[in-house]
Structure formats: C-alpha cells, structure tokens
Amino acid sequence: MTDLSPNKLLTLPKQEAEREFNALSTSSQAMLTLLTPWEKRQEIMLLSKKFPALVRSMPVEELFWTIKSTGPEDSLPLISAASFEQLQFILDLDWWDKDNLRLDRVSAWLIMLFEAGEDTVNSWLSTLRSKDPYLIPAIMRHFVDVQKRPDDMEIEEAKDVLNPFTIDNVYYIAFKNEKFVPMWERMTMKILEISDGFYRDCMETILTETRTECIEKAWRLRCGRLADFGIPDYFSALDIYAPVKPHDLRRAAPAAMLDGTEGSDMPAFVPTLYITDFPGLATALAELSDTPDIARIIREWTGVANKILMTDRIDLDDPDTMKKALSKAASLINLGIETTADEYPVTGPVKILSQYVLEDLVRAAIWRLSGIRQRVRNIARDTETRLLPPEYSEIFEALARPVPMRWDENLQEAVPFYSLEQVEDAEKTVDELEAWHRIMEKITPHWHRWRDVIAWENTNFLTWNEFTWQHGLATAVANFILDGSAVVVPVAESRLFELKNTFETGKWGTTSAQIAQEFSQLSNINPEMAKSILEKAVSPVMEEILPVKEPDALQGRFLSSLLVDTGIE
C-alpha cells in the first residue's frame, strides 16, 4: 500500500487519480475505499478499471452504508455491479420493519433495479428463485390479485369473467394499485421470461398459501441470510440490553480455540475506530492489535454494533444515525470495561478486553446504569416532566430512556454514557431530583391538585400547565416569608415590595437557613441539598424583583418566577 490517501486521491485531476488508483491491487483499492467516508466512496471506486470486482470485494454492510450515504438513486453503478449476496443483504435490511414488509421501500427498490438494467433484474431474480421461493409471492400478493382459469373454462369465457391481465392464459391478474401497474406488468413478464416454472410457482404460492404463512416463511429465510453476516433479527437482538453483574461475565474462548480466520467469514462490518473519546478502550485495542485476540474482538464488536442497530431500530436512511450507533457500542464497551475494573481493581482494560465477551461488557454497563434507570422511573411514575425545573427537563428525559443517556449541553442532544465519572455525575443529578420530589411532597396543596384548587384566572400565569415545581416552591417560600406558612397560593401583588425588602435586608440569610432546615427535616434530605434547592427556586425571584426601586413599579403581571394575584379581573 502506498501513501496514497482518500483525501489526496479526491483532489487529483481525474486522469492522474485513475492512474494512481489503478496502480493498486484490488485488495489495496478496497482498503483505500474503506478508509474513505461513505458518501465519497462511489466517486473513488468509479476510478477503478476493475470496478465490478472492487464492488464485490466490499463487506456487504459497508456497501449498504455506501449506497445509503450516496443515495440509492445515485448509486446505480454500485447496485448493478453488486453480487446477489450484497444486493440481497441491502434489500433484506431495507425492506423489513421487524417482521413486516415495508411496501414503499420494496416498490422503490424494484423500480431502481430495473433502472440499474435488465441484467441486474435477471441475475437477481434467477438467483432468488433458488434461494427464497417465498419472497416474491409475499411481495406480489400486496400488489396483485390472482385467479386461475379452471380446466373446463374456455379462454374466451375467462377473458369475460376473470381478472383482466394474463400472459399465459392460465393465471389472470388484477393490479391493486394503479400507480404500480407498469412496474408489476414488467415484473410478471420478467418472471415468466426467466422460467415458466418460476412463474407458476409464484402464482400457485399466492393462491395456496395464506398471507401469514407466506410472510412468515420469507421472514425466516431473511433472518437466516442476515444471520450469516452477523445481523440478528429484532427479537434476537433485545438481549444486548439485559443487565449482567461484573461477577457474572462470561469468559471469552481462548484465541486458539476459535476456528474463524480473517477473510470471508469475518463479520459484515469491521469497526474502524470509533474510539477517539475512549482512551482506555483505545489503549487496550492498541496493545491487543497484534495478538490472536483481535479477530475475536472485532467479530464480537460487530455483533454488539449490529444488535444495537436492530434493537434501537436505527433509521437506515440516515448514515449519521449509524455512526451514532457505532459510537454507542464503543461507549458502552468502554463503560463496561470501567465498571468491571471498578469491581476488580487489579484487572486493567487490556486483560478485561482480552478475557471477557464484549456483549457481556455492554451488559455490565447496562447493569451499572440500571440503578439510575430505576430511580428515574420511580420519579417519572409520579411526576410529569413539565413540572421539573427547566434545567432538569432535558437531562431527565435523557436519563428516562430505556437505556439511560446523558444530556450533552454542547451538542444539545442525548448521547451515551462512556465513563464511570459521567455515571456518578448523573447519580448526583438524580439525587437532586429525588430531593426536589421529597420537598414538593411536603408542600401544600400537593402538586397533583394545583390545577383544580388554585384560582388561575387572576394570576400572572395564563394556564396551569406553565407552572413548575420551581414556581411552586418559590411561591411557597414567599408565603412562608410573608405569613409563616409554606403554601402554594398566589402572593398578593401589594406585598411584593415587602418580599423584596426581606431579600434586601439581612433577614433573608436567617430565614433561608430556617426554611432549609425545616425542609431537610420534613423531607429527610441533607441540609446542604435542601439549601441548594431553595436557592435555585428563589434566585429567579430575586433577579426579577430586586432591581425594581418603586413599589408601584413592581407589578405581578410582569413576573414569571412565582405565582402572583394580580388583582385584575
């Protein structure tokens, strides 16, 4: 392999790029292609004079994502050059949602196969006939109605009483969707052209098999084909998120006992390193790269990524979601390594990665996150997300997912946990949420009754569903300061300046300590935690009212931090 890189190749004039690329062997061209971003691969591959051989040398899953990133309509050269196994792999992934056919995808792909050329359709159908006798009938029955002419019925009579379309005077077809009539007329004629027996078998299967029987048989064959490439079906993949304690991890088979070798039996996807943020994992992989363990690790890593793809029902039309799934696999493996090392302090990342099954490392990460998940579910069971203070809403929704995620403020999206430090930070956040929950349990009226017992019409809140725990606690504190009772009732606008004066004088320090101590005792939480929550609730009130200099200027309708009776009918 030369020092030729994808970036360098893409910047060269076309003739020079072709000369440089074709100086490489097919295997070296494939290696360079795999180092290229998915969306740029076809551009590089088309430089090859051995284009069909290059396409067929690609791992099937890599070809799938190359086509998805390029756009199937713009990938006709790749589609026409693909082997049956590569093409059927793409269709098996794209045509099914769990055990249901996605008929819109099926129709789009069949049209594209014809656009790729008659040879592509002929080759695909000819091989499919022997590989899967149920897929075409399972598809066709959604688009056509078939009748068979009885032996004692004349052809002329059949034309009058049976379905209008026939190409053999035996099977008469009615098309269910006018939009697809040209495509299915062409497809039925193509099937007959390939083989009379193939056409007859398709028609008889439609007539004699129920829809459920036909789709179930096609689904099983599809799962078998994908399993050959390390892709599980949805139901088989669900166990990837079953928690396992580090003490129960399965040990990996010794490398000498594995009969797999690099080559055709390697998994569909070889994970090029999605590990830039995972130093422990990166270091361990680097140390194991020249050992017999690396083949097993790659194979198992692929299995983890594929199970996550299936279980999370990744949008296969969005390559970015694929990259996120790969990142999720790396994140959970890294967290599993740290979790296991935390349980076995004398065991480092290299030893863990070389000794334990990667799926179980993922499950160890799930076990570590299961405590967060249960605690968040307990809060969610009794609380609407809208009630939470705004700073917690996105964090809570990320943590409440089936597999807890962390909220990344910079990316403004939920991302996987990959370190124990992140998990511990999340646990502190859940501690705060539980403390909020306990405090609000002691505030009257209970938040479940706010909608019905508070007179909202004369307040600064237009509707009850804008009112959160933060507003409720701030209002209760204001009433405690003014009247000695921590209740959620509208604060009279005429008393807002009195409240402001309390905050401005030294009274607030003493009062806040008193309230925090009372909340701490009532709610059985740490006094410092109670004080922190109290300050978070009251700070927005201070920010709104302290700058106001005159009593008349402090109008409740302009406040949004606590509930105020504006006196406006």
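## Aromatic pairs

Across the whole structure, which is a predicted model, a search finds 15 aromatic pairs. One of them is formed by Trp96 and Trp219, whose rings lie 5.6 Å apart from centre to centre, with 50° between their planes, an arrangement classed as tilted. Trp96 belongs to strand E1 (residues 96-97) and Trp219 to helix H15 (residues 211-228), so this pair ties together parts of the chain that are 123 residues apart in sequence.

## Packing of helices H25 and H28

How do helices H25 and H28 lie relative to each other? The axis of H25 (residues 469-483) comes within 9 Å of the axis of H28 (residues 527-545), and the two cross at roughly 85°. Because angles of 65 to 115 degrees count as roughly perpendicular, H25 and H28 are described as roughly perpendicular to each other.

On the H25 side, the contact is made by Gln470, Leu473, Ala474 and Val477, which meet Ile533, Leu534, Lys536, Ala537, Val538, Pro540 and Val541 of H28. Sorted by class, the residues of this contact comprise 9 nonpolar, 1 polar and 1 charged.

## Packing of helices H8 and H10

A further crossing involves helix H8 (residues 84-94) and helix H10 (residues 118-131), whose axes come within 10 Å and cross at roughly 80°. H8 and H10 are therefore also roughly perpendicular to each other.

From H8, the residues in contact are Phe84, Glu85, Leu87, Gln88 and Leu91, while H10 contributes Thr120, Trp124, Thr127, Leu128 and Lys131. The residues of the contact between H8 and H10 divide into 5 nonpolar, 3 polar and 2 charged.

## The cavity

How many cavities of 30 Å³ or more does the structure hold? There is 1 cavity that reaches this volume, and the volume of the largest cavity is about 30 Å³. Its lining is made up of Trp65, Leu93, Ile231, Leu309, Met310 and Leu316. By class, the lining of the largest cavity has 6 nonpolar residues, with no polar and no charged residues. Leu93, one of these lining residues, falls within the span of helix H8 (residues 84-94).

## Backbone features in two loops

Where does the chain contain a cis peptide bond at a proline? The bond from Thr444 to Pro445 is cis, with omega near -10°, and Pro445 is placed in the loop between helix H23 (420-441) and helix H24 (450-453).

Lys98 has a positive phi of about 55°, although this residue is not a glycine.

## Surroundings of Arg56

Arg56 is found in helix H5 (residues 51-56). When residues up to four places away in sequence are not counted, Arg56 touches Ala81, Ala82, Ser83 and Gln86.

How values were computed. Residues are numbered from 1 along each chain as its sequence is written. This is a predicted model: local features need pLDDT of at least 70, side-chain atom pairs count only at pLDDT 80 or more; totals for chains, interfaces and linings use all residues. Side-chain values use heavy atoms; hydrogens and water are left out. Axes are lines fitted to C-alpha atoms, for helices over the stretch in contact, and angles run from 0 to 180 degrees between N-to-C directions. Helices (H or I, at least four residues) and strands (E, at least two) are DSSP runs, numbered from the N terminus. Angles under 35 degrees count as roughly parallel, over 145 as roughly antiparallel, 65 to 115 as roughly perpendicular and the rest as oblique. Contact means heavy atoms within 4.5 Å. Ala, Val, Leu, Ile, Met, Phe, Trp, Tyr, Cys and Pro count as nonpolar, Asp, Glu, Lys and Arg as charged, and the others, Gly among them, as polar. On a 1 Å grid over the protein atoms alone, a cavity is a set of points where a 1.4 Å probe fits but cannot get out, and a pocket is an open set with protein on both sides within 12 Å along at least five of seven lines; lining residues have an atom within 4 Å of a point. Grid points are joined across faces, edges and corners, and a volume is the space filled by probe spheres set on the points. Rings of Phe, Tyr and Trp (its six-membered ring) pair if their centres lie within 6.5 Å; planes under 30 degrees apart count as stacked, over 60 as edge-to-face and the rest as tilted.
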